[in-house]
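The points can be read in order, with the structure open alongside.

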Amino acid sequence: MTPDWIAADWGTSNLRVWALDAGGIVAEAASDRGMGSLTPADYEPALLELIGDWLPSGRVTPVLACGMVGARQGWREAAYRPVPCTPVAADALTPVPTTDPRLRISVAPGLCQASPADVMRGEET
């Protein structure tokens, strides 16, 4: 299996990942390694525990992450985007530096509205 890309929903208490190709989901995995139990140095190893076998050598696999991974206390802060807004474009994603050359990780920002005040970050986005 060689996925085209990987989706990650990284919440406070859980990490869920899906490997996708042109036909859809080809693999999925989950762990209890949520943002609430990690230090900044723990994120990449926690992700690789789940997806390491999905990553071919010599090729960079994009990973699009959403959820609390993009919170201020997460792996890399992805600032909220005010609504209304267009769907997330490549230039709105926050890149995350990694040490594994097989990864290119981007975090999708959450959304916020001023009135009534509300935010959402995660699989909803």
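1. Aromatic pairs. The model contains 3 aromatic pairs, where rings of Phe, Tyr and Trp (its six-membered ring) pair if their centres lie within 6.5 Å, and planes under 30 degrees apart count as stacked, over 60 as edge-to-face and the rest as tilted. One of them is edge-to-face, because the rings of Trp 10 and Trp 75 have centres 5.9 Å apart and planes at 70°. This pair links distant parts of the chain, with Trp 10 in strand β1 and Trp 75 in the loop between β4 (61-67) and β5, 65 residues apart. Trp 10 and Trp 75 are both buried, buried being under 20% relative accessible area, exposed over 50%, and partly exposed in between (1.4 Å probe, protein chains only). Together with Tyr 43, Trp 10 and Trp 75 make up one aromatic cluster.

2. Basis of the model. This is a predicted model, in which local features need pLDDT of at least 70 and side-chain atom pairs count only at pLDDT 80 or more, while totals for chains, interfaces and linings use all residues. Residues are numbered from 1 along each chain as its sequence is written, and side-chain values use heavy atoms, with hydrogens and water left out.

3. Elements and overall dimensions. The protein chain has 1 helix and 9 strands; these are DSSP runs numbered from the N terminus, helices being H or I with at least four residues and strands E with at least two. Starting at the N terminus, the order of elements is β-β-β-α-β-β-β-β-β-β. The radius of gyration of the protein chain is 14 Å, which agrees with the value near 14 Å for a compact globule of 125 residues; the radius is taken over C-alpha atoms, and the globule rule is 2.2 Å times the number of residues to the power 0.38. Along the principal axes, the C-alpha atoms fill a box of roughly 45 × 30 × 20 Å.

4. Of the 125 residues in the protein chain, 40% count as buried. Among contacts with a separation of 6 or more, 57% are between residues 24 or more positions apart, a contact meaning heavy atoms within 4.5 Å.

5. Strand β4 and its partners. Which strands does β4 join in parallel? One is β1, joined to β4 by 5 bridges, and another is β7 (residues 103-107), also joined to β4 by 5 bridges. Two strands pair if DSSP finds at least two bridges between them. Strand β4 is largely enclosed by the rest of the structure, because 5 of its 7 residues are buried.

6. The open sheet. An open sheet of 3 strands has the order β5-β8-β9, with mixed pairing. β5 (81-82) and β9 (118-120) stand at the edges with a single partner strand each, so one side of each is left without a neighbour in the sheet. Strand β8 (residues 111-113) runs antiparallel to β9 and is joined to β9 by 3 bridges. Gln 113 stands opposite Asp 118 in β9.

7. Asp 9 lies in strand β1 (residues 5-10). Is Asp 9 buried or exposed? Asp 9 is buried, at 4% relative accessible area. Arg 16, at 31%, is partly exposed. The two side chains form a salt bridge, with the closest N and O atoms 2.6 Å apart; a salt bridge is a side-chain nitrogen of Lys or Arg within 4 Å of a carboxyl oxygen of Asp or Glu.

8. Other salt bridges. The count of salt bridges comes to 4. One of them joins Glu 77 and Arg 72 at 3.7 Å, N to O. Glu 77 is partly exposed at 39% relative accessibility, whereas Arg 72 is exposed at 68%. Another is formed by Arg 102 and Asp 100, with the closest N and O atoms 2.8 Å apart. Asp 100 is buried, with a relative accessible area of 12%.
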